[in-house]
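This report describes selected features of one protein model. Please view the sequence and the structure before reading on.

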Amino acid sequence: MPRILFRNVMIASLGVCLLAALAQGAEPTASLKKGTPDLKSAGALAFGPDGILLVGDTKGAALFAIDTGDRAPAAEKHKLQVKDLAGKVAAALGTDPKQIAINDLAVNPLSGNVYISIARGRGPDAVPVLIRISANGKPEEVSLENVRFAKAELPNAPGANDRGRAESITDLSFADGRVFVAGLSNEEFSSRLIAIPFPFSSEGFDGAGIEIYHGAHGRFETKSPIRTFVTYRINNEPYMLAAYQCTPLVKLPVSELKAGAHVKGTTIAELGNRNRPLDMIVYQKDGKDYLLMTNNSRGVMKIPTEGAGSAESITERVKDGGTKGLGYDTIASLKGVVQMDQLDDRHAVILVQDASDLNLDTIKLP
């Protein structure tokens, strides 16, 4: 059976679910209540159904679902190019660019508008802010007053003063009616993945501690968090493809992400040491599936997913910064990419740090 992008399957099944819900008079936002979300920080972002923005709050060890009201489908997604993004955001907020730290970006799959999470200010007094960039390229603050939202507190998070609290949420993804959250817990297997049903409920979450073999380090590890991940189907079964520091690529079966479980991932690639993965998307081109992953020291990697299902697990040390398992091509034309998200079937939005500026751009998927 040919592999199908999990995102495409999710969108199709989600459409059926939405139609059923609407037929019954319910909407995806029905579980959200009006108020002002008590965000303590704004980090990892992802979009759920119907323009609902999912926001990871590491300081508060919580996940927020915020109704942006941005639901009008775009006939054609606009291709954004914004030079000196930090400067333009600072101007919109009436502050200095040095007081702006951009944490993540996400593209609304309905409208094509880009959302970014930032910290305004430095240190413990920094204020979380959400910014929307629409077709005109001008950043505008997303008001959080009297909006519809829901909140899910993460269980067993590192303490507020623990070093691991800043990594209680490292990445988010929405698929098949659930929000998947990667990060650290205060448990023995501190690296974990949580699956939170949406709409949120008080019935608890499925979550598992993760163990992986780290080829560059030559050992099994349970305390290194996933840095970035995507949902993907292999032989029609849902998996996570997750990247870690230094840089193992691991597949994790979603079916094993159960409350209290300890899951041993299969390391299907070692992509080189002294490297931090920053962001990753999965897309299809010319009938084949690829991962596109940006890193802080090894550029942007294009990784064919063919063979991910049958790849043997790496269980021996990969020495001298070498690579093993799934191969990749480095996209030489893409330099300084720190964040990315897919815009449509043929394009992605990227955030690029050059010598002096942080710029938003739109590229063709390679």
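How many bridges join strand E13 to E18? Four bridges join strand E13 (residues 206-214) to E18, and the two run parallel. Strands (E, at least two residues) are DSSP runs numbered from the N terminus, and two strands pair if DSSP finds at least two bridges between them. Ala208 has Ala261 of E18 as its bridge partner.

The model is predicted: local features need pLDDT of at least 70 and side-chain atom pairs count only at pLDDT 80 or more, while totals for chains, interfaces and linings use all residues. Residues are numbered from 1 along each chain as its sequence is written, and side-chain values use heavy atoms, with hydrogens and water left out.

**Thr228**

Thr228 lies in strand E15 (residues 228-234). Thr228 is buried, with a relative accessible area of 0%; buried means under 20% relative accessible area (1.4 Å probe, protein chains only). Leaving aside neighbours within four places in sequence, the residues in contact with Thr228 include Leu241, Pro277 and Asp279, where contact means heavy atoms within 4.5 Å.

| Partner of the Thr228 side chain | Distance |
|---|---|
| Asp171, side chain (polar contact) | 3.1 Å |

How values were computed:
Buried < 20%, exposed > 50% of the residue type's maximum accessible area, 1.4 Å probe, protein only. Polar contact = N/O pair within 3.5 Å; in protein donor to acceptor, adjacent residues only side chain to side chain.
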